[in-house]
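Work through the exercises below with the sequence and the model at hand. Each task is followed by its solution in steps.

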Amino acid sequence: MALSFPVIPMKAGIGTLPADDDRWAYEIKWDGYRTIAFVDVDARSVRVQSSSGLDVTRTYGELGGMWRDLNATSAVLDGEIVVFTDDGRPSFEALQRHDTQVVFQAFDVLEIDGNDVTALPYEQRRALLAEVLDAGDNWTVPGHRVGGGADLLAATAAQGLEGVMAKKLGSPYQVGKRSP
């Protein structure tokens, strides 16, 4: 069954790094706005949704060409909209001003070609995401790593970044739920 607008994203909880480090994947936590992108190649369109379910497509017009870099007919992508400063760091203040173009950091895929993939394990969804979206000027699929959470957390702290997200291998995407 296809997902329809709006999709309430899965939320994370605040916690400590897992003890069973090798059973988790880690990603950088971006300082931006959580966003769902509905990409339709046939319609040559991208509909952008805020985490609260509002249509913010007009606010982020620079994401309108994402359909060109989609390797499918359609997809629903979860991610974070950020603005990077000249030194390459995300800036929430610059994002609020929106005086510089945003970048959509896609970190999950919920649907491809009308097929709901949320029940697939995290690592399969990440592999699909890497295949379905090529990087563009205003969107990318940032890296992730399995294990090594403490090292990534230390690296993000050293660079003044917000932290890391820990995602359990084998876990499904639970629309509208908060995960511990």
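**Exercise 1.** Determine which residue forms a salt bridge with Lys29, and where the two partners lie.

Step 1. In this predicted model, the partner of Lys29 is Glu162, with the closest N and O atoms 2.7 Å apart.
Step 2. Lys29 sits in the loop between S2 and strand S3 (33–40), and Glu162 in the loop between helix H3 (149–158) and S10; the pair links distant parts of the chain, 133 residues apart.
Step 3. Buried requires under 20% relative accessible area and exposed over 50%. Lys29 has 33%, so Lys29 is partly exposed. Glu162 has 43% and therefore also counts as partly exposed.

**Exercise 2.** Find the salt bridge between Arg126 and Glu27 and state whether both residues are buried or exposed.

Step 1. The closest N and O atoms of Arg126 and Glu27 are 3.2 Å apart.
Step 2. Arg126 belongs to helix H2 and Glu27 to strand S2, 99 residues apart in the chain.
Step 3. Both residues are buried.
Step 4. Salt bridges link Glu27, Arg126 and Lys167 in a network.

**Exercise 3.** Explain why the buried residues of H2 are on the same side of the helix.

Step 1. H2 spans residues 122–132, and its buried residues are Tyr122, Arg125, Arg126, Leu129 and Val132.
Step 2. These residues cover an arc of only 130° around the axis, so they lie on the same side of H2.
Step 3. An α-helix has 3.6 residues a turn, so residues three or four places apart point the same way.
Step 4. The buried residues of H2 pack against strands S2 (24–28), S5 (74–82), S6 (103–112) and S10 (164–168).

Methods: Residues are numbered from 1 along each chain as its sequence is written. This is a predicted model: local features need pLDDT of at least 70, side-chain atom pairs count only at pLDDT 80 or more; totals for chains, interfaces and linings use all residues. Side-chain values use heavy atoms; hydrogens and water are left out. Buried means under 20% relative accessible area, exposed over 50%, partly exposed in between (1.4 Å probe, protein chains only). Helices (H or I, at least four residues) and strands (E, at least two) are DSSP runs, numbered from the N terminus. The arc is that of the directions from the helix axis to the C-beta atoms. Contact means heavy atoms within 4.5 Å. A salt bridge is a side-chain nitrogen of Lys or Arg within 4 Å of a carboxyl oxygen of Asp or Glu.
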